[in-house]
Amino acid sequence: MSEQPPLPGAPAETVVASPHGGTLRIPTPRLTLEGVAPDAAAGLRAGGDGGFAWLGGAPFEGTRDVSGMLTQAHAAGVYRPEFGMFALVRRGDGLAIGSIAFHGPPDDEGRVEIGYDLVEAARGHGYATEAVDVLTAWTLARDDVGCVCATVEETNTASQNVLHRAGFTRTRLNGDELLLYVRSRG
């Protein structure tokens, strides 16, 4: 893995080439957030493994859905790796356990939205909180991002708990039983 030049606002030590074809690797205490390249995302969307060994043999369906979004963004010429998708790879055994992704680059007001999922066998161990917390801190260190948000179904208390533990604040009900959570620079 070779060192890459840092992205604007990114700590240099977190930006290295990924062995899975992505451009970013962001370490957390127990995970590595591995950037997923467009060709790997296309493979995931088509039912493959994207070049990762998955806990339980396959990613959760949300990972496949986001892979399709990444592939479409690449085809449209608007893909930006730093606002793409990351596989959550456990350091201890090298298994991918889920993904975390941006819904796109920051808007004109510096807001960016994230989503995440884990394979069922990895839930309840704090991995999602760890990934959300580190990626959010990394993102808020950029000059072009002022807040990170996530929308969660009102019935998804597990995801609400992840966001609370990662320092997000519930700001309002967003209709259709969705809750909006925000973490801002500060």
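This is a predicted model: local features need pLDDT of at least 70, side-chain atom pairs count only at pLDDT 80 or more; totals for chains, interfaces and linings use all residues.

Trainee: Now the largest pocket. What is its volume, and which element gives the largest share of the lining?

Mentor: The volume of the largest pocket is about 750 Å³. Its lining comprises 33 residues, and those nearest the centre are Tyr116, Asp117, Leu118, Asn156 and Ser159. Strand β5 provides the largest share of that lining, with 6 residues. At least two lining residues come from each of α2, β4, β5, α3, β6 and α4.

Trainee: Next, helices. Which residues of helix α4 are buried?

Mentor: For this step you need the cut-off: buried means under 20% relative accessible area. In helix α4, residues 157–165, the buried residues are Ser159, Gln160, Val162 and Leu163. Looking down the axis of α4, these buried residues fall within an arc of 155°, so they line one face of the helix. They pack against β5 (111–118), α3 (127–140), β6 (147–153) and β8 (178–184). Just after α4, Gly167 has a positive phi of about 90°.

Trainee: Then aromatic pairs. How is a pair of aromatic rings described, and how many such pairs does a search of the whole structure find?

Mentor: The description of a pair of aromatic rings rests on the distance of the centres and the angle of the planes. A search of the whole structure finds 2 aromatic pairs. One of them is Phe52 with Trp54, 6.1 Å centre to centre with 65° between the planes, an edge-to-face arrangement. Both Phe52 and Trp54 are buried. In the pair of Phe83 and Phe102, the ring centres are 5.2 Å apart and the planes are at 80°, so this pair is edge-to-face.

Trainee: Where in the chain do Phe83 and Phe102 lie, and why does Phe83 count as buried?

Mentor: Phe83 is in the loop between α2 (61–75) and β3 (85–90), while Phe102 is in strand β4 (residues 96–102). The two are 19 residues apart, and the pair links distant parts of the chain. Phe83 counts as buried because its relative accessibility is 5%. Phe102 is buried too, with a relative accessible area of 6%.

Trainee: Which residue lies over the face of Phe60?

Mentor: That is Arg123, at 4.5 Å from the ring centre of Phe60.

Trainee: Last, single residues. Is Thr136 buried or exposed, and which residues does Thr136 touch?

Mentor: Thr136, in helix α3, counts as buried at 1% relative accessibility. Leaving out residues up to four places away in sequence, Thr136 touches Ile114, Val148, Phe168 and Arg183.

Trainee: And Gln72, buried or exposed?

Mentor: Gln72 belongs to helix α2 and is exposed, with a relative accessible area of 58%. Its C-alpha atom is separated by 10.0 Å from that of Ala41, 31 residues apart along the chain.

Trainee: In which strand does Leu173 lie, and which residues does Leu173 touch?

Mentor: Leu173 lies in strand β7, residues 169–173. With residues up to four places away in sequence left out, Leu173 touches Glu154, Leu178 and Leu179. The C-alpha atoms of Leu173 and Val152 are separated by 9.7 Å, the two being 21 residues apart along the chain.

Methods: Residues are numbered from 1 along each chain as its sequence is written. Side-chain values use heavy atoms; hydrogens and water are left out. Rings of Phe, Tyr and Trp (its six-membered ring) pair if their centres lie within 6.5 Å; planes under 30 degrees apart count as stacked, over 60 as edge-to-face and the rest as tilted. Buried means under 20% relative accessible area, exposed over 50%, partly exposed in between (1.4 Å probe, protein chains only). Helices (H or I, at least four residues) and strands (E, at least two) are DSSP runs, numbered from the N terminus. A charge sits over a ring if NZ of Lys or CZ of Arg is within 6 Å of the ring centre and within 35 degrees of the ring normal. The arc is that of the directions from the helix axis to the C-beta atoms. Contact means heavy atoms within 4.5 Å. On a 1 Å grid over the protein atoms alone, a cavity is a set of points where a 1.4 Å probe fits but cannot get out, and a pocket is an open set with protein on both sides within 12 Å along at least five of seven lines; lining residues have an atom within 4 Å of a point. Grid points are joined across faces, edges and corners, and a volume is the space filled by probe spheres set on the points.
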